[in-house]
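Here are a few notes to read alongside the coordinates.

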Amino acid sequence: MQGNELAYQVYSPGSVLGLFSNALKLNATVNLIYLKGRYSFGGGKAYGNYYYDNLFSESDTISIGVRVSALLRSKIENNEIYTLRGYIEKNIKNSSVELRFVVDEIIQQEERAISEEELQRYELIQKKLGKGSKDLETVIREKILKDEPIRIANIYGNNAIVQRDFAEGLDVSQKYFQVSEYTCSITSSTSIVSKLEEVSALGYDIIALVRGGGDKQSMETFNDLQLSELFITIEAVTVTAIGHTVDETLLDKLADKRFHLPHDYGAGLHSIVEKLSHEKSNSRALLIDEVKKDVGKQFAEQVLTLEKQLKTKNDEFTEAQKNFKEQAENQVKIFTEQLKVRNEEVEKLKKDLTEKHGQQVKTLTDQLSKRNEEFQKFQESSAKQLQETQKSFSEQQKQRQQEMESYKKELNVLHEKNLQSVINEKTASLKAAVESLQQENVRLNTEVKNSKTDYIKIVIAAVIALVTGFLLAKLF
């Protein structure tokens, strides 16, 4: 049997489909035909300059695929009734043969009568417009500025798997949101209404209907009037992300914010948060720049003012230093001249005393014997007068010392240390002169005490003491 040829024909699956495809030769497939129905856009992209859409029967939800050129599609409005001319093409896919209508010409667009349901939809849209939409970005901004979490309630279908798409879109901005997940039968308007009533009472900031896709017939759920009536009464920001990019349902029109896909929904929230972060950073940077400019300007003005004040003070100090130096030089000059005059007077007095000393000694010697008693009285009187003179001298010296200290303090405030050394030097010379006179006075006092019987020496000492006191009084 192995050597015998097979007595029957063997086909492959592909050849069988090809045979049946070629066998389906009807008049509708080889001739131009006319189709009438509600035109519905499919995907948003063109493939080979052709769009692939759907044409629905007016009385039910049965549809046929449509292939139309980009030029003809630009003349078609979505969900309108059209009469189209074209032909049927067959497309083999796996074990099935799909029929597609290829549009050759747009024959007519019919005006649709406005139904009661459409009027109700229009009224709901007008009611939403009158109520106004809540801005999603504004709500998020206020919450972030108050450092409060944004509470979100996402309603998914049972057994939905699009939660991950939303989380991926939200990305790192998840820390700003508290997301709660609820599930219901997303294809049942009654189930959605029940879940919305439950969630809307919990005080969420955002309530979203999230759906990952599905057939077009299930989209009619989101056109339900009872669901739409409830949807516009929700106090929270309402969001739709029900997984379609072309068809716009009634809930999409009534929502405060619409996203096409769950990932777009999460990415939209993330984009708003990033925008607010950039605005906050930019406003802080602008504020810092303005503050820096103001502080810099104020600092520059203060520095300029201080420099002017410092220059004025330096000029005043230089002038005061110059005046003080001139005054000090004048005072030193005057003091030197006065000291010279006093020295000349002392020398003259010494000379006069020396010339008269001989005569006075002779006269005093003659009178010495007669005036022993008078000497005793005179000695007491002289001692008393000497004490008074010394006391007066001490008081005058103390007063002069106080005046000198006060004068030194004033000089220290007005001039620098180099002038202080000059004053100290001159003060030292004056003190030396005073000490010299004091030593002379002590010496004369000692001689007076040691020579009580020498009347001439006593008289000379008294005269010198008087003269010294006089000179010191004049000098200080």
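1. To start with a backbone detail: which residue follows H6, and is its phi positive or negative? Bear in mind that this is a predicted model. The residue after H6 is Asp-171, and its phi is positive, near 55°.

2. Helix H6 itself spans residues 163-170, and its buried residues include Gln-163, Phe-166, Gly-169 and Leu-170. These residues lie on the same side of H6, because the arc they cover around the axis is only 130°. In an α-helix there are 3.6 residues a turn, so residues three or four places apart point the same way.

3. Strands E1 (residues 33-40) and E2 (residues 50-56) pair in the antiparallel sense, over 3 bridges. Across that pair, Tyr-39 stands opposite Leu-55 in E2.

4. Now for the packing. The largest nonpolar core holds 26 residues, and Ile-155, Ile-192, Leu-196, Ile-207, Leu-209, Phe-222 and Phe-231 have the most contacts inside it. Among the elements giving it two or more residues are strands E6 (150-157), E7 (177-184) and E8 (206-210), and H7 contributes the most, with 4 residues.

5. Leaving out residues up to four places away in sequence, Leu-209 touches Ile-155, Ile-192, Leu-196, Phe-222, Phe-231, Val-239, Thr-240, Ala-241, Ile-242 and Leu-251. Apart from this core lies another, of 22 residues, including Val-210, Tyr-265, Leu-269 and Ile-272.

Methods
Residues numbered from 1 in each chain as written. Predicted model: local features only at pLDDT ≥ 70, side-chain atom pairs only at ≥ 80, totals over all residues. Heavy atoms only, no water. Core = buried A, V, L, I, M, F, W, Y, C linked by side-chain atoms within 4.5 Å. Buried < 20%, exposed > 50% of the residue type's maximum accessible area, 1.4 Å probe, protein only. Contact = heavy atoms within 4.5 Å. Pairing = 2+ DSSP bridges. Arc of directions from axis to C-beta.
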